[in-house]
Amino acid sequence: AQSVAQPEDQVNVAEGNPLTVKCTYSVSGNPYLFWYVQYPNRGLQFLLKYITGDNLVKGSYGFEAEFNKSQTSFHLKKPSALVSDSALYFCAVRETGANNLFFGTGTRLTVIP
Amino acid sequence: DAGVIQSPRHEVTEMGQEVTLRCKPISGHNSLFWYRQTMMRGLELLIYFNNNVPIDDSGMPEDRFSAKMPNASFSTLKIQPSEPRDSAVYFCAITGTGNTEAFFGQGTRLTVV
């Protein structure tokens, strides 16, 4: 069975500081991993994905994520947070060969000016 | 958001009434998903279709909920009769094959009074 865990409901960080939003996953095979961002009254927007290859994936708006197979993690990071990064972030996993996409419960990021 | 058009954007209805939510995806996808988002339960997968065929409807909460995909360009989610606890934002999302990311519509905010 596939599952995704985002252990933090809320992350607060000061503007200009690095940010990390945590995600761990569980699949029986090889995972495809995704991060999405949701701004108020909007749908989820794709940020980045890990399929294969380099464990460090770079995506939109300066975000990056590191795939760690031994820890089954895919944490989202950004070196310097902006107030405009404040939003709800979702991690998602799809098992290779499967169609359905499983989402975590989301982490609300607040960047404090 | 541009790849998936959902209508209506907002729906307010009285308890007991039938509600139909609509999704029009762009071409080129092969899977379509319906999600429900609430504060209490987060993002829940209700049902997904692969090549217009329902694959997994285990997330559909009750028999009051039904979904159809008569062709690759249109899907509906119907609630009959609606109840206040159905109030949520309902998202439609699409993916292509394999490792492609999902594209979400902007959602329909349903309020049942």
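Mentor: Some ground rules. Local features in this predicted model need pLDDT of at least 70, side-chain atom pairs count only at pLDDT 80 or more, and totals for chains, interfaces and linings use all residues. Residues are numbered from 1 along each chain, chains are lettered from A, and side-chain values use heavy atoms, without hydrogens and water.

Trainee: Why is the link between B:Glu101 and A:Lys49 called a salt bridge?

Mentor: The term asks for a side-chain nitrogen of Lys or Arg within 4 Å of a carboxyl oxygen of Asp or Glu. Here the N to O distance is 2.9 Å.

Trainee: What makes a residue part of the contact?

Mentor: Heavy atoms within 4.5 Å. Chain B gives 21 residues and chain A gives 18 residues.

Trainee: How much area is buried between chain B and chain A?

Mentor: About 1,800 Å², with 48% from carbon and sulfur atoms. Buried area is the accessible area (1.4 Å probe) that two parts lose on being put together, summed over both.

Trainee: How do you know which residues line the largest pocket?

Mentor: A pocket is an open set of points on a 1 Å grid over the protein atoms alone, where a 1.4 Å probe fits, with protein on both sides within 12 Å along at least five of seven lines. Lining residues have an atom within 4 Å of a point. By that rule, 28 residues line the largest pocket, A:Gln38 and B:Met39 among them.
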